[in-house]
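Me: I have a few questions about how this structure is put together. Can we take them one by one?

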Amino acid sequence: MRILYFAWLRERVGVAEEELDPPAAVVSVADLARWLAARDEAHAAAFTDPKVVRAALDRRHVKPDAPIAGAREVAFFPPMTGG
Amino acid sequence: MAGDIFEVRVQAEPFDAPAEAARLSSGRTDVGALVTFTGLCRADAGEAPLTALVLEHYPGMAEEEITRHLEEARRRWPLQGAVIIHRFGRIVPGAPIVMVATASAHRAAAFAAAEFLMDWLKTGAPFWKKEERGAAATGGWVAAKSSDDDAAARWNDPAKAGER
């Protein structure tokens, strides 16, 4: 599974993307965020406050309870500030 | 009808908003209203004035998300054309960041669709602004504003959306 990070999440994690294979117990987007946060200090710093982290599955916005099964690409990012 | 232009572009290069908008009514006589909004990088005062905004985006999703909102706008209003351009990269004060142009037979649809598209661009399109301030080019990420969320959310309420 390809995991992408943007803006300050990318800066805190230290990489723009990584290829990871989460265990079967990781079912939802929120599960994945918790699993990533437990990897190391850099990931933990990125996911300190889950309320300000948004996610997309295969380039579509999703809620934290969305199941990740079958997704090829998961992205995590702060609230958007375009326009 | 043939000749309608519906276009979404995400690019680093500057754009010519009047020229882009003019394409929507060029060579046809049925367009009665052409609305153009251009968002510019705004300078501000302070001890470390803004020298630039650096826009990061999610390639692929940015185009797809804007296109999904354009399709929604076309379902809601009888549009005859639209051009939406959003830039990424380093943008200095005074330079354009985003434009939305909408064409319709009458002004109500053109105004409403342009406002709907801009409201959603601010909260739903995957772009993030980082400020560059002062000689040392310091500065942080721009925080999302709840007023932008409110502006986008009102389009979910059919009663309120209908008033506009």
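Predicted model: local features only at pLDDT ≥ 70, side-chain atom pairs only at ≥ 80, totals over all residues.

Me: Is B:Ala144 buried, partly exposed or exposed?
Reply: Count the C-beta neighbours inside 10 Å: B:Ala144 has 18. Buried needs 20 or more, and exposed needs 12 or fewer. B:Ala144 therefore counts as partly exposed.

Me: Which residues does B:Ala144 touch, leaving out those up to four places away in sequence?
Reply: In space, B:Thr123 is 8.1 Å away, C-alpha to C-alpha, at a sequence separation of 21 residues. The contacts of B:Ala144 lie in chain A. They are A:Pro79, A:Met80 and A:Thr81.

Me: Which element gives the largest share of the side of chain B that touches chain A?
Reply: Chain B brings 21 residues to the contact, and chain A brings 14. On the chain B side, α2 (61–76), α3 (107–124) and β7 (127–133) each supply at least two residues. The largest share is five residues, and it comes from α3(B).

Me: Which strand of chain A do the buried residues of α2(B) pack against?
Reply: The buried residues of α2(B) include B:Met61, B:Glu65, B:His69 and B:Ala73. Within chain B, they pack against β1 (5–11), β3 (50–57), β4 (79–87), α3 and β7. From chain A, the partner is β3 (54–57).

Me: What span should α2(B) have, and how far apart are its end C-alpha atoms?
Reply: α2(B) has 16 residues. At 1.5 Å a residue, that should give 22 Å. The distance between the end C-alpha atoms agrees, at 23 Å.

Me: What is the radius of gyration of chain B, and what does the globule rule give?
Reply: Chain B has five helices and seven strands. For 164 residues the globule rule gives 15 Å, and chain B is close to that, so it is as compact as a globular protein of that length. Its radius of gyration is 17 Å.

Me: Among contacts in chain B between residues at least 6 apart in sequence, what share joins residues at least 24 apart?
Reply: The elements of chain B follow the pattern β-α-β-β-α-β-β-β-α-β-α-α. Of the contacts in question, those joining residues at least 24 apart make up 75%.

Conventions. Residues numbered from 1 in each chain as written. Chains lettered and ligands numbered in written order. Contact = placed C-beta atoms within 7 Å. Helix = DSSP H or I, 4+ residues; strand = E, 2+ residues; numbered from the N terminus. Rg over C-alpha atoms; globule rule 2.2 N^0.38 Å. Expected span 1.5 Å × (residues − 1).
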